[in-house]
Amino acid sequence: MNFLEKIVKTKLSEIERAKEILPLKELKKLAGISNYQHRSLYDSLKKEGEIKIIAEIKKMSPSAGNLIVDGFDLISIAKEYESAGASAISVLTDFKFFGGRKQHLSQVKSNVKISVLRKDFIIDEYQIYETKYIGADAFLLIVKIIDDVQLEDYLWLAKEIGLDVLVEVHDKHDIARALKISPYPKLIGINNRDLETFRVDINRSIELCEILPDDVVKVSESGINSREDVVKISNAGFDAILVGESLMRAGNRIGKIFELLGKN
Ligand SMILES: O=P(O)(O)OC[C@@H](O)[C@@H](O)c1c[nH]c2ccccc12
């Protein structure tokens with residue numbers, strides 16, 4: 001079983017357990033009365049001008065291990081990201097493999113004014129209602145781990161309940177599946193990391209970028225470390241970058257965002 005299959009298997013049992021504790025019917029009610037205000041991820045990345053950054057809060061990862069050595073001050077990190085000019089914040093909510101929590105997302109949402117993206121492995125509509133309930137503005141939807149029917153259903157459901165979706169693709173096949181949908185998703189992220197082997201190569205998104213239609217907001221995800229990487233990605237036509245590890249590890253996170261955005 002590869003890494004992605006292992007995560008999905010764990011996720012399935014977590015969802016079953018969550019449903020026992022809070023049945024879908026109840027969760028739907030709670031999601032319906034959730035009074036977090038929606039901040040459009042699409043609009044914040046679509047704006048004209050320089051490349052945008054989605055800054056990620058990630059405590060650990062299967063490929064990198066622990067990213068935070070001393071103390072994890074979630075809210076300070078979120079505020080630093082916001083003050084440095086991040087357009088949105090991505091929060092890992094998977095606990096077992098990434099050390100995240102759903103409460104982390106709600107805490108971030110309540111402490112910043114920018115859009116918040118839920119980063120998890122979405123394979124059941126239950127998680128989409130949960131995403132609404134915890135206050136996220138958007139969620140990541142990994143094409144590789146769902147079938148065509150799920151992909152279309154989840155995009156519709158998101159629209160219905162007022163959530164943006166960042167559709168994550170890895171290769172031409174994923175892109176073809178996403179673009180087959182009518183209307184096709186307008187927010188697409190190309191992951192530079194192969195989730196089965198962990199290999200990272202930013203040329204992966206650079207090569208695939210040109211097959212995305214003009215009106216899609218394009219995000220290059222993972223393995224972005226330097227201003228040089230960002231310039232290449234920007235020249236390839238991306239609207240935004242999604243960065244976790246290099247920010248989490250940076251001694252000066254604000255300075256690192258400035259560096260990536262070419263602000264100094
Ligand atoms: O930490 P990095 O290499 O900067 O990558 C951030 C983000 O792209 C990565 O965390 C990610 C992208 N897609 C995912 C899907 C699941 C878990 C994590 C991810």
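**Entry 1: around the ligand**

I began at the ligand and looked up which of the 15 residues around it come nearest: Glu221, Ser222, Leu242, Gly244 and Glu245. A residue is near a molecule here if its C-beta atom, placed from the backbone, lies within 6 Å of it. The elements that give two or more residues to this shell are β10 (240-243) and α11 (245-249).

**Entry 2: what I am reading**

I noted that this is a predicted model, in which local features need pLDDT of at least 70 and side-chain atom pairs count only at pLDDT 80 or more, while totals for chains, interfaces and linings use all residues. Residues are numbered from 1 along each chain as its sequence is written.

**Entry 3: the whole chain**

I counted twelve helices and ten strands in the protein chain; these are DSSP runs numbered from the N terminus, helices being H or I of at least four residues and strands E of at least two. The C-alpha trace spans about 50 × 45 × 40 Å along its principal axes. Buried residues make up 43% of the 264 residues. I call a residue buried if 20 or more other C-beta atoms lie within 10 Å of its own, exposed if 12 or fewer, and partly exposed in between, with C-beta atoms placed from the backbone.

**Entry 4: the barrel**

How many strands form the closed barrel? I found eight, running β1-β4-β5-β6-β7-β8-β9-β10 with parallel pairing. Neighbouring strands of this sheet are turned by 25° against each other on average, direction ignored. Two strands pair if DSSP finds at least two bridges between them. Strands β5 (residues 115-119) and β6 (residues 138-142) pair in the parallel sense over two bridges, and Arg118 stands opposite Phe139 in β6.

**Entry 5: strand β1**

Next I checked β1, where six of the six residues are buried. Lys52, Ile54 and Glu56 point one way, Ile53, Ala55 and Ile57 the other way, and all are buried. I followed the strand to its partners. β1 pairs with β10 in the parallel sense over four bridges, with Ile241 in β10 as the bridge partner of Ile53. Four bridges also join β1 to β4, again running parallel, and there Ala55 has Ile89 as its bridge partner.

I also looked at helix α4 (residues 74-83), which lies across β1 (52-57) and β4 (88-92) and runs at about 175° to β1. Axes are lines fitted to C-alpha atoms, for helices over the stretch in contact, and angles run from 0 to 180 degrees between N-to-C directions; contact means C-beta atoms, placed from the backbone, within 7 Å.

**Entry 6: strand β9**

I moved on to β9 (residues 217-221), where five of the five residues are buried. Val217, Val219 and Glu221 lie on one side, Lys218 and Ser220 on the other. Five bridges join β8 (residues 187-191) to β9 in parallel, and Ile190 has Ser220 in β9 as its bridge partner.

**Entry 7: Ala176**

Is Ala176 buried or exposed? I found that Ala176, in helix α8 (residues 172-179), counts as exposed because 12 C-beta neighbours lie inside 10 Å. The C-alpha atoms of Ala176 and Leu212 are separated by 9.5 Å, though these residues are 36 apart along the chain.

Key:
Contact = placed C-beta atoms within 7 Å.
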